[in-house]
Amino acid sequence: MNEAYAISAVTVVVLATVLIGGFGLRISRTTSDFYVASRTVGPGLNAAAISGEYLSAASFLGVAGLLLVHGPDMLWYPVGYTAGYLVLLVFVAAPLRRSGAYTLPDFAEGRLESRSVRRVVSMLVVGAGWLYLVPQLQGAGLTLQILTGAPRWFGGALVAAVVVLAVAAGGMRSITFVQAFQYWLKLTALLVPAFFLVLAWHGDGGAPPPADGLPWSGAGSGQPLATSRADHPLYATYGLIVATFLGTMGLPHVVVRFYTSPNGRAARRTTVAVLGLIGLFYCLPPVYGWLGSLYAPELSATQDADAAVLLLPGRAVGGLGGNLLGALVAGGAFAAFLSTASGLTMAVAGVLSQDVLPARGVRHFRLATLLAMTVPLGGALLVSGVPVADAVGMAFAVSASSFCPLLVLGIWWRRLTPPGARAGLLLGGGSALVAVTLTVAGVVQGGWLHTLLAWPAVWSVPVGFLAMILVSLATQDSVPPHTSATMTRLHLPESLSVRGTITTGEPGARP
Amino acid sequence: MTATAVLLALCPLLLAGGFVLGRRTAHPGGRSDVGTPVERATFDTLHTASLAAPPLRAGLTEESARRSARRLRTLLGTDALCLTNRTAVLAWDGAGDPHGKQVMGHLEGLLDTGRSAAFGCGCDAVDCPLRWAVAAPIVTDGRVLGALVAYAPRESAVLARAADEVARWISVQLELAELDRSRTRLIEAEIKALRAQISPHFIFNSLAAIASFVRTDPERARELLLEFADFTRYSFRRHGDFTTLADELHSIDQYLALVRARFGDRLSVTLQIAPEVLPVALPFLCLQPLVENAVKHGLEGAVTRSRITIGARDAGAEAEVVIEDDGVGMDPGELRAILRGEGGTSTGIGLSNVDERLRQVFGDDYGLVIETGTGAGMKITVRIPKYRAGVHSSGVEVG
């Protein structure tokens, strides 16, 4: 691949991100246009922003890589990533918005009226956020290595530096527009090349030049995780399904975006739009996985299957066209790393500066940003060998076994108590966190134990729910005093007052 | 691989370390020289007293009496202690509950005169620890609110004196509670005043400006009248202490439209609003006085044209609102006096009231930050946390 194209594409994406973030589309008008400004972020824009932040390196590169190596079983990944929003829509979206919480710790404190539950949630948010950041940085390293031959650590360090500078300097001011832009960029970067790739495949007579063996062979992988998946594929698949279906609702960078919706109904509409946008996007990685098995089958034998998306344009199209398409894909991949990494870093740094580091202030937020990025960067440099999509699946597992019980029971069960929530968070989330940390560190190498640790959601989610329910039932005397009022606020539409009468909506508020 | 494992295992430790560090820094100091026995006794007493004080700040109720009675009994070192109001026993701590039923009979005289009394309980049991009691009145503002009754096995002058002192200490705490309440009432009254007050001048001037359009531009006059109606409806709104930034900015927009109708080109306004922060909840009418202040400063004196900038931006877990004018500004010393509540002008009441309310709702970190100088304009920065327990805009939908 021609380096110059790729480098310029990556540079353009980075610059566009920083520029739009810094100066771009902030609404800046004279008063005559003020009605425009008084409109809150609409569901469409907000949904694009959520999708932009959500579609990470795992979606952009990882899914296609896994499909290439393991075959159609891996289609559960895109299904799970999307279906998570369905669960979010049905159980959580509107009440979460009505709670007025900006972060998960806020929700925990508001619902359970307890500072100590808040601290536990903060700790888990930081843990899950770090787990999620590691594969983003690894993906960036891999991408830059393949595109330019730079050492593996360089790409991760570059993304980390850009994100820390942008976030710490306050450069991500109009974050909604940046993220919405990133979504459309990512979609374009996969859609356009996919179109040409399929054309090229058709031009080749429907058969690839090195037509050897069966596609979807799934053989010849030397990775530990892949082995265990091959050992117990059914269990692993269930682990994946539980983690992704239930984990989406607790991802810290997704939760904060719901705050931007003006009310519960808008939050729900936003989620529906997210389902559409993400569903559209996830039609594309399988195409790449399938074409990859035709044009680059040797990748499945290496640890770099994640690179399939990047290499395909060069292999299948070639020439100037291949270079241009390759540059487009590279730019999209970088958009994926930047948007997810900046969203996560903002969320983790916010929690660190509010609940973990001692004092407050702008300087501390910058310090927190640095800390939020340094730890996962260290992890990314030290750990390798876990496919990007699997690593993200682990962050989902932690979220599913801690935040899912907290949110679902917190919203739908009035007998939840602070000790119960604490127990569920620590047992469910804590055990999942330990399990995936052991897996990533490679402590257990094979057998059932390894499978259980690598796909913890199947057992850790029930543990989290059970612990929360049983301990709550045992401590019914410490149900928070204002539970009824809180529940009313969570479930009544904003236009109804607590007294049950309809307030006349301010006529001045424009639709 | 083992090195990796160790490093990853370190991550949670690091986090835990952060928490511990945070708590240490929050409470500096620790174990040090413990002092002589007398000093230690003093410390213990002061400590117990400080533990008993917070519940009493809620006033004399059954709940607060129950929670403080235990501490007070430790303070007095008696076997039983009881707190009453004028009509009933509020809390009984210690042995021998049955005596509680007879207490009120003994207290009749005390509650009328406000003088301490000692009485035998008429308990015949030889081993009863509660044969004698001393009652001391709890008095605030010259009114007897209730009594503190301490029990002992035999008569004791020391206990009588101690009970008197503790009762006086409780009275002081309750007076402080009363002070707290009256401060809150004062702020509420000021908000009501602010609502009711939308200065008569403003109403008069707006109507005059609208009147001037009635013949020349009836359509504009009609629009302005509608703005005026909306603006007053919002400002006189009775329900809810909190609103959203979107609603507040909308009302500010209506206010500015009316002001511009009067001053025309002399006033130009720029708004820069990040849409992400529009749902933030904040105290009702806490930006409008600041804008009014900016308009007043901008158009005061010989200034021919004035420019006002209103910006709201997203800053992580907070929203930051900046209101800036290029008017006459203010002497910083004078401003400090106003914020301390020593100024007399109506503008002053607006600024100090907003400052006070922000601090009360969000904490002392979130007061107004004002940069100004004589002739140098004024820049007011308000930071609003996106979430604070108990702060919810009351149900008015925008969207």
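A residue is termed buried when its relative accessible area is under 20%, exposed when over 50%, and partly exposed in between (1.4 Å probe, protein chains only). The structure is a predicted model, in which local features need pLDDT of at least 70 and side-chain atom pairs count only at pLDDT 80 or more, whereas totals for chains, interfaces and linings use all residues. Residues are numbered from 1 along each chain as its sequence is written, chains are lettered from A and ligands numbered from 1 in the order in which they are written, and side-chain values use heavy atoms, with hydrogens and water left out.

The secondary structure of chain B comprises 11 helices and 12 strands, taken as DSSP runs numbered from the N terminus (helices H or I, at least four residues; strands E, at least two). Of the 399 residues in chain B, 46% are buried. Among contacts in chain B (heavy atoms within 4.5 Å) with a separation of 6 or more, 64% join residues 24 or more positions apart. Chain B exposes about 19,900 Å², of which carbon and sulfur atoms supply 55%; accessible areas follow the Shrake-Rupley method with a 1.4 Å probe, and for residues only the protein chains shown count as cover.

Gly77(B), which follows α3(B), has a positive phi near 65 degrees.

Positive phi values also occur at non-glycine positions. Leu285(B), with phi of about 50 degrees, is placed in the loop between β8 (281-283) and α9 (288-299) of chain B and is buried at 4% relative accessible area. Glu113(A), likewise with a positive phi of about 50 degrees, lies in the loop between α6 (104-112) and α7 (115-148) of chain A and is partly exposed, at 32% relative accessibility.

On the surface, Leu191(A), Val192(A), Phe195(A), Phe196(A), Leu199(A) and Val317(A) form a nonpolar patch with about 520 Å² of accessible area together. Helix α9 of chain A (residues 175-203) contributes the largest share, 5 residues. Phe195(A), situated in this helix, is exposed at 54% relative accessibility. Patch residues have over 30% relative accessible area and no salt bridge, with nonpolar side chains (Val, Leu, Ile, Met, Phe, Trp, Tyr) joined within 5 Å and like charges within 9 Å; a salt bridge is a side-chain nitrogen of Lys or Arg within 4 Å of a carboxyl oxygen of Asp or Glu.
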